[in-house]
Amino acid sequence: MFSRKKDTLVGLDIGSSAIKVAEVVETKKGRMLKKIAIAPVPYRLIEEGSIKDAPAVASIIKQLWKSENIKEKKVAISIGGYSVINKKVLLDRVSEDKLQVTINQEAEQYIPFDIKDVNLDFQILDDSSDGKEKMNVLLVAAKKEMINEYVNLLDLAGLSVLIIDVDAFALQNIYEFIGEVSNDLVALLDIGAYKTTLNIMKGTSSLFIRDVSLGCGQITTRIQSFYNKLDIKEAEDVWRGASKVSLDKNKIRQSDVDEIVSRIVSEWCAEITRALDFFYSSNDERIKTFILSGGGANIKEFRTLLSQQASAAVKMFNPFKGFETGYDQKYLDNLAPQVAICMGLSLRRVNDK
C-alpha cells in the first residue's frame, strides 16, 4: 500500500510547548498521512528555540516514536527566531556554482553575525534567462551553535537529521501543496508559544519574512503572575478553558482571564501591524488574506481583531487538505492549526536542496 522509496522523511516540529510529528507516504491515490501526533513539552525545557534540557526533550521524542510506532528514523526539522536570518539581496549575476564559492564573502555585509559562526545557504530567485546584470538572491543564515544543539538532541533521540529547514519555508511548503496559492498578497501567520512567524506571499514567491517574540506563552505567564497561587500548567488550563475546576477552586474570575487574553491579543495585533507597516513602506499592494496556524490561531478574539486592524480576511490553515487519511476528522480538526509547520516538513525528501 505504501511507497517503499528510501527518500521519505518524517516531519518533526520541535516547539517550546509541544513537539509535533507527521509522516507522509506516497500511495497510488496520492500522498497519504500515515502518522500525525503531538506531545506536550514541560515548561522551560525549550526557551526561545534553545534546548535547556536535551535528555528530557530527547526522551519525549523517543516516547512519541514508540507510542506512534514510527519506524522511519530520518527526519526533517525546522528552526526560526533571532538565531536565523532571512534576507533578500541584489547581487551581480553569476552562475549558481560560482556563487556557491563566493557566497560567504557576498553575505558578510548582510549578516549581523560573524560569518564564521553561521551556516549559510542561498537561493537564486530570478530567471537566469532574463538578461539582467543583477539577480535577487535569498540568503539564509543560522547560527552553528543552534544547529549543533538540534543535531545533538536528535542524536540523543536516536534519529538522523537530514534536512534543517526554516519555519517560514515549511509553512510555505504546505501552503503551496494544498493548492491555495493566490496572485493577491497572502500572509501566512503561525502563532506559537513564544514565537510568531510571518511569511507574506504573492503567488509562490515569498516577499517578506519576520519572526516576532510573541505567542500564547505570554497569556499563560501573565495569568500565572496575576494569580500567583497557580502553577504554569494550571494557568494555561485556565485560559484555554480546560480547567473550569481551577476557576472555582482558586476563586478565579472568568472576567479577569478574559481581560488578560484581550490585552495580550491586542499587543499581538500591534506588533503585527508594525511589521506590516514596515512591509508596506516599500510595497503599495495590501494583504487580502491572513492564513493562521499555531496555538494562537484558535483564539477567536484575535482573529476578529486582526481582521479589523489589518482590513483583511482571516481564516484558519487546513494543512490536511489534499491528503488521504485514515484519521477521524474531529481529531484532525483539533490538531490542524498546530501542525502546519510539521506537515510542511513531512513533504521534504532526502535529496531536497
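Visitor: Where does Q254 sit, and what makes that element a helix?
Guide: Q254 is placed in helix α8. Helices are DSSP runs of H or I with at least four residues, strands are runs of E with at least two, and both are numbered from the N terminus. α8 covers residues 254-280. This is a predicted model, where local features need pLDDT of at least 70, side-chain atom pairs count only at pLDDT 80 or more, and totals for chains, interfaces and linings use all residues. Residues are numbered from 1 along each chain as its sequence is written, and side-chain values use heavy atoms, with hydrogens and water left out.

Visitor: Why is Q254 called partly exposed?
Guide: Its relative accessibility is 30%. Buried means under 20% relative accessible area, exposed means over 50%, and partly exposed is in between (1.4 Å probe, protein chains only). The value 30% falls in between, so Q254 is partly exposed.

Visitor: What makes T8 buried?
Guide: T8 has a relative accessible area of 8%. That is under 20%, so T8 is buried. T8 lies in the segment before β1.

Visitor: Which residues is T8 in contact with, leaving aside neighbours within four places in sequence?
Guide: They are V24, E72, K74, R349 and V350. Contact means heavy atoms within 4.5 Å.

Visitor: Which residues of α5 and α8 make the contact?
Guide: From α5 come C216, Q218, I219, R222, I223 and F226. From α8 come D256, V257, I260, V261, I264, E267 and W268.

Visitor: What makes a set of residues a nonpolar core?
Guide: The members are buried Ala, Val, Leu, Ile, Met, Phe, Trp, Tyr and Cys residues joined through side-chain atoms within 4.5 Å. The largest such core has 40 residues. Inside it, W268, F290 and F302 have the most contacts. α8 gives the most to this core, with 12 residues. Another core, of 36 residues, lies apart from it, and L138, V140, Y150 and V166 are among its members.

Conventions:
Axes are lines fitted to C-alpha atoms, for helices over the stretch in contact, and angles run from 0 to 180 degrees between N-to-C directions.
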